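Here is a structure to work through by question and answer.

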Amino acid sequence: VVGTNINQALLYENIEVNGKPDFQLAQNDFMVEHSLDFGSDSQPAFLDYNADGLMDIIIGSYGIIGFGAVQTHLYLFENRGTNTSPSYHLVNNDYLDFTSFSEFDKSYVPATGYLDSDGDVDLLRGTLTGQIIFVENTAGESMPVNFSEPQFNYMELDTENNTVRVSIGDLD
């Protein structure tokens with residue numbers, strides 16, 4: 001039997017028969033049935049990828065364990081609602097084709113922000129093996145994102161194979 005990292009809270013109901021306990025599986029997604037579950041180490045980041053003025057979501061995930069090879073994903077959800085009443089729809093379950101790198105690295109934790117002084121939002125990702133991946137947005141200010149090829153081992157930071165979680169902020 002292989003373990004998994006989703007649907008881990010099961011509900012068994014006691015259907016007594018002649019006073020004897022008889023527990024039957026009633027629900028395999030107890031308490032998470034209305035949630036989105038992308039597996040271990042899922043982390044969101046926000047950006048307006050299509051320049052429509054609404055914040056969209058990208059979610060990095062280690063992946064789902066127990067159903068074949070684990071593939072690390074970036075999911076893209078587009079906000080098709082409004083600023084005050086967002087409605088998110090999955091538009092890409094392999095955003096920027098990062099499953100192709102799953103064999104040698106895992107757990108892409110995304111962060112978005114202004115990194116190269118050109119006015120558009122860029123993307124950083126921390127990894128399970130301690131790297132930072134930089135993906136430059138070459139679109140320009142107020143344009144839909146156009147991410148370039150990922151630059152692995154960005155700034156050659158050495159974390160000695162410790163998992164990296166990135167965030168971006170303006171400290172001054």
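Q: Which side chains meet in a salt bridge, with 3.7 Å from N to O?
A: This is a predicted model. Side chains of opposite charge can pair when their charged atoms come close. The cut-off for a salt bridge is 4 Å between the nitrogen and the carboxyl oxygen. At 3.7 Å, N to O, the pair is glutamate 78 and arginine 80.

Q: How many salt bridges does a search of the whole structure find?
A: Glutamate 78 and arginine 80 form a salt bridge. The search over the whole structure gives a count of one.

Q: Is glutamate 78 buried or exposed?
A: Buried means under 20% relative accessible area. Glutamate 78 has 15%, so this residue counts as buried.

Q: What is the accessible area of the nonpolar surface patch?
A: The patch is formed by Leu10, Tyr12, Phe23 and Leu25. Leu25 sits in strand S2, residues 23–27. Its relative accessibility is 48%, so leucine 25 counts as partly exposed. Together, the four patch residues have about 430 Å².

Q: How much space lies in the largest pocket, and which residues are closest to its centre?
A: The space in the largest pocket is about 260 Å³. Its lining has 17 residues. Closest to the centre are Asp48, Tyr114, Gly119, Asp120 and Val121.

Q: Which elements give two or more residues to the lining of the largest pocket?
A: By class, the lining has eight nonpolar, six polar and three charged residues. The elements that give two or more are strand S3 (43–47) and strand S7 (109–113).

Note on methods: Residues numbered from 1 in each chain as written. Predicted model: local features only at pLDDT ≥ 70, side-chain atom pairs only at ≥ 80, totals over all residues. Heavy atoms only, no water. 1 Å grid on protein atoms, 1.4 Å probe; cavity = no way out; pocket = protein on both sides within 12 Å on 5 of 7 lines; lining within 4 Å. Points joined across faces, edges and corners; volume = space filled by probe spheres on them. Helix = DSSP H or I, 4+ residues; strand = E, 2+ residues; numbered from the N terminus. Nonpolar A, V, L, I, M, F, W, Y, C, P; charged D, E, K, R; others polar. Patch = residues over 30% accessible without salt bridge, like charges linked within 9 Å, V, L, I, M, F, W, Y side chains within 5 Å. Areas by Shrake-Rupley, 256 points an atom, 1.4 Å probe, with all protein chains shown as cover. Buried < 20%, exposed > 50% of the residue type's maximum accessible area, 1.4 Å probe, protein only.
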